[in-house]
Amino acid sequence: MSLVVSGHRALPGLPVLLRRHWPLLPLAATVLFLLAPLPAGDATASGKVGPADAASLLLAFVCGVQALRGRVRALTPLGVLVLGTPAVGLAIATMTAGDPYAALPGFVRYLQVFVLVPAAVVLLVRDAAEFRLAAGCFVVLALVQGAVGVVQYVTHTGASYQGQDVRAVGTFGPGDVMGMATVVAYGLIVATAVGLAPGLPRRVRRIGGGLALALVLPLVLSFSRGVWIATAGAAVLVMVLAGIRRALKVLLALVAAGVVLVGGFGVGSAMVAERLTSITQVSSAPDQSVTDRYTMWAAAESMWRERPAVGVGLKGFPANRDGHSSLGLSSGSDTAGAGQAYLRQPLLSPHNMYLLILSEQGLIGLIALAGGWAALLVAGLRRLAAGEGMRDCGLIAIGLFAWQLTDFLYADIGGPSTVLTGVIIGLAAWWALPSPQDAGPPRGAVAVSGNVGGAGARGRAPGVAARP
C-alpha cells in the first residue's frame with residue numbers, strides 16, 4: 001500500500017511489498033524457475049513435473065484459496081465462458097478416447113496449461129503494476145537464458161548444429177532446442193512493447209529498446225526458423241499498434257543490429273543464411289525436418305478425417321501416427337551436444353498446435369480452444385484500439401499472444417517452457433477481459449490529509465477486498 005503525504009509518495013518497504021503482492025510469488029516462480037538447468041542427458045521433460053510446473057500448481061492452489069476468501073478479481077460472464085469452455089472440450093476428448101486411462105495424463109496437462117494457469121493469472125493479477133511485474137519476469141528469464149546461449153555459441157558448448165556444437169539452447173539442453181529461443185522471444189516482445197509504449201517515461205522506453213536489441217543476438221544464434229517468423233510477426237504488430245513513426249525507428253534499429261551482428265561481425269553468418277534460405281525451400285528442396293513436418297501434418301489431418309468430431313483422443317497422436325503416415329517420415333530427429341551424448345528423439349507430435357488439437361480432440365476441441373483464443377485476440381485489439389490507459393500492458397499482452405498463436409503454426413506444447421503458454425494466455429485474457437472492478441479508483445492508494453491514523457480504507461475501490 002502506498003501513502004501520499006504532503007504531496008510526496010512514501011515508498012513502501014520490502015515487507016510491505018511482499019505482504020501486498022505475495023500471491024504473485026508463485027506466478028514469478030513459474031516463470032523464473034525455468035532458469036534451473038535440466039540434468040545432462042535428460043532429452044525430454046515429457047511426463048515429468050519440473051520446478052516451473054510445481055510452481056504453477058502452487059499458483060492454482062493459491063488462487064483457489066484467495067477465491068474462497070473473496071480476494072480475487074471478478075470475472076464477467078464472457079470471461080467465465082472463454083476460460084471455462086476448454087475444460088469441457090478436454091473432458092469430451094478424454095472420455096471418447098480409445099483408451100481413456102492413457103488419455104488422462106494429457107487431460108491433466110492441457111487442463112494445467114489452458115485452464116488452470118490462465119484463470120489463476122486473470123484472477124490474481126489485480127492491476128497494471130502487478131501485470132508489469134509478471135511481464136518483467138519474462139525479460140529477466142530471457143536475459144539469463146540468452147546470455148547462456150551466447151556463451152554456448154562462443155565456446156562451442158551448445159547443441160549440435162551442422163556438425164558443430166554451436167546452437168544456443170540455454171539451460172534447456174539439446175532435447176528442447178526450442179526452449180531457449182521461445183523464452184528469449186518472449187522477453188524480446190515484452191522489451192519491444194516497453195520501448196514503444198506511449199505514456200511511459202523516456203528512460204524506461206530507452207531501457208526497453210536496449211534490452212530488445214540485446215536479445216536479438218541469442219535469438220539469431222538459436223537457429224530456430226519458426227521462432228524467427230513468429231517474433232518478426234509479433235514485433236511488427238506491436239510496432240504498428242504503437243504508431244507508425246515509432247515502428248519505423250525501431251524497425252530500422254533492429255535491421256541495423258542484424259546487419260552489424262551477422263554481416264559486420266560475421267556472427268553465424270553462413271549458418272543463419274542457410275537457415276533463412278531453407279524457409280523458402282519448402283517445396284523445391286526441403287530438408288528432412290521440413291519433410292517430416294509436412295508428413296506429420298498430413299497424418300494429423302488423416303486422423304481428424306477418421307473421427308472429425310472428437311478426434312483420436314488426448315495423447316493419441318503417437319499411437320496412430322504410423323498408420324496415417326507415408327514412408328517419407330523418418331524415425332526421429334538427432335540430438336547431441338550441450339552435455340548430452342547422441343540421441344535419436346522420436347517424433348511424437350505434428351509440430352502444429354492446431355493440427356494436434358484437431359487430430360486428438362476433433363472439431364469440438366478446436367472450437368473450444370482456438371475459438372476462445374480468437375475471442376481473446378479480437379477483444380484485446382478492440383480494447384487497445386479504444387485508446388484506454390495502460391497501453392504498455394495492452395501492447396505486451398497482444399504482442400505475446402500474437403507470438404504464441406503464430407508459433408502454434410510451427411510448434412505445439414511440449415517441454416519445460418510449455419507452462420509459460422498458460423501464463424501468456426492468462427495475461428492476454430487479463431487485458432482482453434477487464435473486470436467490472438477495473439472501472440473503480442486505483443486499489444491500495446490511500447489519500448492522507450493531516451492524520452495518517454484516521455485514513456482507514458477510504459481510498460479502496462468499492463467491492464475490492466485488500467490483501468492482508
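Because the model is predicted, local features need pLDDT of at least 70 and side-chain atom pairs count only at pLDDT 80 or more, whereas totals for chains, interfaces and linings use all residues. Residues are numbered from 1 along each chain as its sequence is written, and side-chain values use heavy atoms, with hydrogens and water left out.

A pair of aromatic rings is described by the distance of the centres and the angle of the planes. Rings of Phe, Tyr and Trp (its six-membered ring) are taken as a pair if their centres lie within 6.5 Å, and the pair is stacked if the planes are under 30 degrees apart, edge-to-face if they are over 60, and tilted for the rest. The structure holds nine aromatic pairs. In one of them, the ring centres of phenylalanine 138 and tyrosine 186 are 5.7 Å apart and the planes stand at 90°, so the pair is edge-to-face. This pair links distant parts of the chain, with phenylalanine 138 in helix α6 (residues 128-155) and tyrosine 186 in helix α7 (residues 177-196), 48 residues apart; helices (H or I, at least four residues) and strands (E, at least two) are DSSP runs, numbered from the N terminus. Phenylalanine 138 is buried, with a relative accessible area of 0%, and tyrosine 186 is also buried at 1% relative accessibility, where buried means under 20% relative accessible area, exposed over 50%, and partly exposed in between (1.4 Å probe, protein chains only).

The rings of tryptophan 373 and phenylalanine 408 have their centres 5.4 Å apart and their planes at 35°, so this pair is tilted. Tryptophan 373 lies in helix α14 (residues 353-385), while phenylalanine 408 lies in the loop between α15 (391-407) and α16 (419-432), so the pair ties together parts that are 35 residues apart in sequence. Tryptophan 373 counts as buried at 5% relative accessibility, and phenylalanine 408 is buried with a relative accessible area of 2%. Both residues belong to one aromatic cluster, which is formed by Tyr110, Phe114, Tyr354, Trp373 and Phe408.

Side chains of opposite charge can pair when their charged atoms come close. With a salt bridge taken as a side-chain nitrogen of Lys or Arg within 4 Å of a carboxyl oxygen of Asp or Glu, a search of the whole structure finds four salt bridges. One of them joins the side chains of aspartate 53 and arginine 109 (2.9 Å, N to O), and this pair links distant parts of the chain, since aspartate 53 is in helix α3 (residues 51-68) and arginine 109 in helix α5 (residues 100-124), 56 residues apart. Aspartate 53 is buried, with a relative accessible area of 7%. Glutamate 130 and arginine 126 also meet in a salt bridge (3.5 Å, N to O); glutamate 130 is buried at 0% relative accessibility, and arginine 126 is buried at 4%. In a further salt bridge, the closest N and O atoms of arginine 305 and glutamate 301 are 2.9 Å apart. These two residues are four residues apart in helix α12, which means that about one helical turn separates arginine 305 from glutamate 301. Arginine 305 counts as exposed at 57% relative accessibility, whereas glutamate 301 is partly exposed, with a relative accessible area of 36%.

The elements that give two or more residues to the nonpolar patch are α9 (225-242) and α10 (244-264), and the largest share, three residues, comes from α10. Valine 240, found in helix α9, is partly exposed, with a relative accessible area of 46%. Buried residues of α9 include Trp228, Val238 and Met239. Just after α9, glycine 243 takes a positive phi of about 130°.

Positive phi values also occur in residues other than glycine, among them histidine 156, with phi of about 55°, and lysine 315, with phi near 65°. Histidine 156 lies in the loop between α6 and β3 (159-161) and is partly exposed, with a relative accessible area of 43%. Lysine 315 is placed in the loop between α12 (288-306) and α13 (317-324) and is partly exposed, with a relative accessible area of 44%.
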